[in-house]
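Two single residues come last.

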Amino acid sequence: METVETLLLDKNEIVIPVKNVLLFAGYRVSSPVPEYAARAKEIAARMHDVFTPRACYLRAPITDRGEDFIDVLGMHLISRPLAELEAPCDEVFLFAATTGPAVDREIKRSAVISPVDNVLTDAAGGAAAEAACDAVDAQLAALIGYPLCQRFSPGYSELSIACQPDFLRLLDTQRKIGLSITAGGMMAPMKSVTAIVGIPREAGLARTLY
């Protein structure tokens with residue numbers, strides 16, 4: 001039985017880039033309106049104050065594969081891009097990361113302040129989750145000693161979101177990091193991520209999608 005381990009994520013070592021907050025908010029202009037950028041910076045700082053990143057992972061073998069699927073721990077994961085990404089791998093990490101319940105509360109609070117604050121706070125929560133995942137990636141790569149393949153999440157590039165509950169069950173996320181899933185399929189806390197990360201057979205074989 002594969003063992004689920006928790007990771008220590010020190011938020012003081014995690015940066016929530018303002019540029020990512022703006023990207024998550026849908027802002028694609030190189031020079032945003034100064035007032036908007038300034039508010040994004042304030043909200044990113046507030047988000048850093050309230051978020052409590054937590055993560056857990058397990059290491060598992062790929063037990064079967066084809067051109068458009070891989071099998072891991074009884075999950076039949078159908079996605080050609082995922083299968084191509086994990087081609088140089090015999091094992092993967094599964095992980096889950098969450099920003100914590102205070103982020104959900106902050107997003108709800110922002111909704112009564114202004115539409116702009118709500119959009120930016122929700123975006124900051126997404127940017128915080130992305131930053132936490134980057135920290136997880138770094139720690140998992142450090143465990144192996146060389147770069148891993150790009151992380152890949154349910155709901156992207158053909159991989160059905162329907163496999164999300166299996167990720168949470170296998171990772172025992174409710175007990176390990178306080179992450180659950182609602183009857184409607186939403187994760188709680190909502191700014192949370194599950195992902196699969198391929199472990200290349202040797203250094204130099206790591207793949208990315210872009």
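A nonpolar core is a set of buried Ala, Val, Leu, Ile, Met, Phe, Trp, Tyr and Cys residues joined through side-chain atoms within 4.5 Å. Buried means under 20% relative accessible area, exposed means over 50%, and partly exposed lies in between, with a 1.4 Å probe and protein chains only. This is a predicted model, where local features need pLDDT of at least 70, side-chain atom pairs count only at pLDDT 80 or more, and totals for chains, interfaces and linings use all residues. Residues are numbered from 1 along each chain as its sequence is written, and side-chain values use heavy atoms, with hydrogens and water left out.

Start with the largest nonpolar core. It has 40 residues. Ile 16, Val 21, Phe 95, Val 136 and Leu 140 have the most contacts inside it. At least two core residues come from each of helix 1 (18-24), helix 2 (34-50), strand 2 (54-66), strand 5 (89-98), helix 4, helix 5 and strand 8 (192-200). Helices (H or I, at least four residues) and strands (E, at least two) are DSSP runs, numbered from the N terminus. Helix 5 gives the largest share of this core, 13 residues. A second, separate core holds 28 residues, among them Leu 77, Cys 149, Ile 177 and Met 187. In soluble globular proteins, nonpolar side chains tend to be buried together.

Which residues does Val 136 touch, not counting those up to four places away in sequence? They are Leu 7, Leu 9, Ala 55, Phe 95 and Ala 97. Contact here means heavy atoms within 4.5 Å.

Now turn to helix 4. Its buried residues are Ala 102, Val 103, Asp 104, Glu 106, Ile 107 and Ser 110. They pack against helix 2 and helix 5.

Take the helix 5 side. Helix 4 (residues 101-110) and helix 5 (residues 115-144) pack at about 165°, with axes 8 Å apart. Axes are lines fitted to C-alpha atoms, for helices over the stretch in contact, and angles run from 0 to 180 degrees between N-to-C directions. The two helices are therefore roughly antiparallel, a label for angles over 145 degrees. Helix 4 passes helix 5 in a left-handed crossing: the near helix is turned anticlockwise from the far one by less than a right angle, while clockwise makes a crossing right-handed. Helix 4 contributes Val 103, Glu 106, Ile 107 and Ser 110 to the contact, and helix 5 contributes Asp 117, Asn 118, Thr 121, Asp 122 and Gly 125. By class, this contact has 2 nonpolar, 4 polar and 3 charged residues. Ala, Val, Leu, Ile, Met, Phe, Trp, Tyr, Cys and Pro count as nonpolar, Asp, Glu, Lys and Arg as charged, and the others, Gly among them, as polar.

Arg 46, Met 47 and Val 50 of helix 2 meet Ala 102, Val 103, Glu 106 and Arg 109 of helix 4. The classes are 4 nonpolar, no polar and 3 charged.

Finally, two strand residues. Leu 94 is in strand 5 and is buried, at 0% relative accessible area. Leu 94 and Ile 196 are 102 residues apart in sequence, yet their C-alpha atoms are 4.6 Å apart. Asp 64, in strand 2, is partly exposed at 39%. Its C-alpha is 52 Å from that of Pro 34, 30 residues away along the chain.

Definitions and conventions
Angles under 35 degrees count as roughly parallel, over 145 as roughly antiparallel, 65 to 115 as roughly perpendicular and the rest as oblique.
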